[in-house]
Amino acid sequence: QEQLVESGGGLVQAGGSLRLSCRATRMITSVFNGNTWAWYRQAPGKQRELVASITSGGTTNYLDSVRGRFTISRDSPKKQVYLQMNSLIVEDTAVYYCNTRLYYSNAEYWGQGTQVTVSS
């Protein structure tokens, strides 16, 4: 059973930056590289939404409201995925979740979530 461990959340003022990290603890590197990775977020009273994703080939996609401010990336040797968040706004406040789906089985894994709070 894979475990995704997230870190990097916190409290930041509007206009500031944070970098979230997601580490795959048991996945072998070849599987890590073959999967699509994503960050989701869920604000209070709202549905969980896809923020950013990166495919095995490196293609990235972003939620319209974060495009140009957020960047998703991965470090294969470290088996980590990152979400660099710049120019944060109050509306970015949410719990952020790392997600991946195994390319060979469709099994899906989620991180425990990390709180990001942006103050005005």
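Trainee: In what order do the elements of the chain run from the N terminus on?
Mentor: The order is β-β-β-α-β-β-β-β-β-β-β-β. That comes to one helix and 11 strands. Helices (H or I, at least four residues) and strands (E, at least two) are DSSP runs, numbered from the N terminus. This is a predicted model, where local features need pLDDT of at least 70, side-chain atom pairs count only at pLDDT 80 or more, and totals for chains, interfaces and linings use all residues. Residues are numbered from 1 along each chain as its sequence is written, and side-chain values use heavy atoms, with hydrogens and water left out.

Trainee: What radius of gyration does the chain have?
Mentor: The chain has 14 Å, which agrees with the value near 14 Å for a compact globule of 120 residues. The radius is taken over C-alpha atoms, and the globule rule is 2.2 Å times the number of residues to the power 0.38. Along the principal axes, the C-alpha atoms fill a box of roughly 45 × 25 × 25 Å.

Trainee: And what share of the residues count as buried?
Mentor: Of the 120 residues, 42% do. Buried means under 20% relative accessible area, exposed over 50%, partly exposed in between (1.4 Å probe, protein chains only).

Trainee: New topic, Arg41. Where is it?
Mentor: Arg41 is in strand β4, residues 36–42.

Trainee: Is Arg41 buried or exposed?
Mentor: Arg41 counts as buried because its relative accessibility is 5%.

Trainee: Which side chains does the side chain of Arg41 make a polar contact with?
Mentor: One is that of Glu49, at 2.8 Å. Another is that of Asp92, at 3.0 Å. A polar contact is a pair of N or O atoms within 3.5 Å; within protein, one must be able to donate a hydrogen and the other to accept it, and residues adjacent in sequence count only if both atoms are side-chain atoms.

Trainee: Where is Asp92 found, then?
Mentor: Asp92 is in the loop between β8 (80–85) and β9 (94–101). Asp92 has 1% relative accessibility, so it counts as buried.

Trainee: What is Asp92 in contact with, leaving aside neighbours within four places in sequence?
Mentor: Arg41, Val66, Arg69, Phe70, Ser87, Val116 and Val118. Contact means heavy atoms within 4.5 Å. With Arg69, the side chain of Asp92 makes a polar contact of 2.8 Å between side chains.

Trainee: How far apart are Asp92 and Ala14 in space?
Mentor: They are 9.4 Å apart, C-alpha to C-alpha, and 78 residues apart in sequence.
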